[in-house]
Amino acid sequence: MHDMCPEDVRGEGRAYEWTYFDGTSRRLLVTDEETRFPTGELIVSRTDVSGVITMCNDALVHLSGYSREELVGTSHAILRHPDMPRSVFADLWSTVGQGTRWTGYMKNLRRDGGYYWVYATVIPKVVDGVVVGHTSVRREPSRAKVEELSAVYATMRDEEGRG
Amino acid sequence: MTRHFAISPDVNVRHVADWFIFNTKVQRMTGLGFHATAYSDFAELHEAYEEGRADLVFANAADTAMLVREHGYLPVAAAAGVSKEAMVVVAADGPFRGMADLPRQLTVASTSAPDVERIGRILLEPADLGPADLTLDVKPNPVLVAKAVMWHEAQAGFLPQDAYEALSAMVKAQLRVLVASRIYVVRNALLVSPALTDEVEAIWDGLASMNVDPDCAELLTGLGAPHGWERLTPEDADFMIDLMDALAQE
Ligand SMILES: Cc1cc2nc3c(=O)[nH]c(=O)nc-3n(C[C@H](O)[C@H](O)[C@H](O)COP(=O)(O)O)c2cc1C
């Protein structure tokens, strides 16, 4: 994944040197600009077993700000926002790894440094007893849940030892 | 052996006759005979699936998912550029002007079309209304869903967009659309049973010839395919099926 560059970011972004689960790292630029999930739309994407995007719909392209070419073939972690606690993703992966669906709220990072909240379902695709990939559907979250989860995630992040 | 063409109750009821004309054309084009049945009830349609009375099927997305995954049906075509969208409606003269006005418990009139119901439920989630907060009042068809809402028998209704658009201006004036989906990937599909695997190409060729036949233009519009048919690839169908699976809330 490429570093985020100031030309793409709207406004002054806070810089993070972010290290992903697989050990790779990337420079993030993060702003407080929220984009609301468009009412009535759904984001659908599919990944291989490891979380590399294989297919997505136009709604993901529009909301994330990345082109389809930038998304397909890239880890879904390209959308990872530093405000998300690690344990949320650990829970996601352990749930789908057992072949069961996961649902939860996520704050995602846009290409322009801003963010958007989603309510997400991830379901593993199981063929002959083996997980071969995953599908995720995201929709508009309730604002009450977004408020609640923002606070919960902040506490979880503190407990994970980062501010 | 009689082959059967099963037409889902989702198709616009005003155009059922067009589906019989379509069936005649398909028979002429492919040399395959089908006995067509337009179901007005999902339970009867599902019985036909179980009993093998569905060799050619025009099915909604949820049934497409089930037939392809569990019974090995093959996708053939879908109406080009047409997707299945749903909306949540309330009475125009009622107390709900926006999503924020909806109460914590809601009675919703709906048909038993599972794809419309799944989308409708998703549309209500942002208002913090989950599965346990909704009581569904199942009606036999979309017109009766609209009436139940107008007459305040139900607080809201789930309608497929095409059915809403087909309502009379007088009925529409008594409804307020609170929210409508824009999903684009959920579609009704024409499928064949695994026994007809060898005929998929012949059937597709027949459909493609309808697309270019000026005499078929009116028929195609009646069938809900004003831009003709387009091939529904196994990959497209698979994507839609995964989406339907993800939306099914167990
Ligand atoms: C189908 C699927 C969809 C995912 N969608 C997202 C997403 O929208 N945003 C996100 O941050 N992580 C998403 N993830 C999780 C990422 O793969 C990744 O685990 C996460 O971003 C944390 O990054 P890290 O594991 O490298 O620390 C998704 C995973 C799967 C399997």
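**Contacts around the ligand**

Trainee: What is 2.8 Å from an oxygen atom of the ligand?

Mentor: An N or O atom in the side chain of Trp93(A). It falls under polar contacts (pairs of N or O atoms within 3.5 Å).

Trainee: Where do these numbers come from?

Mentor: This is a predicted model, in which local features need pLDDT of at least 70, side-chain atom pairs count only at pLDDT 80 or more, and totals for chains, interfaces and linings use all residues. Residues are numbered from 1 along each chain as its sequence is written, chains are lettered from A and ligands numbered from 1 in written order, and side-chain values use heavy atoms, without hydrogens and water.

Trainee: And which atoms of Phe21(A) and Asn108(A) lie by the ligand?

Mentor: For Phe21(A), a backbone N or O atom, 3.0 Å from a ligand oxygen. For Asn108(A), a polar side-chain atom, 2.7 Å from a ligand nitrogen.

Trainee: How much of the ligand's accessible area does the protein cover?

Mentor: 95% of the 600 Å² the ligand has on its own, by Shrake-Rupley with a 1.4 Å probe.

Trainee: Which elements give two or more residues to the shell?

Mentor: In chain A, helix H3 (86-97) and strands E5 (102-109) and E7 (130-139). E7(A) has the largest share, three residues. Helices are DSSP runs of at least four residues, strands of at least two.

Trainee: Changing topic, what are the model's scores?

Mentor: ipTM 0.87 and pTM 0.90.

Terms used
A polar contact is a pair of N or O atoms within 3.5 Å; within protein, one must be able to donate a hydrogen and the other to accept it, and residues adjacent in sequence count only if both atoms are side-chain atoms.
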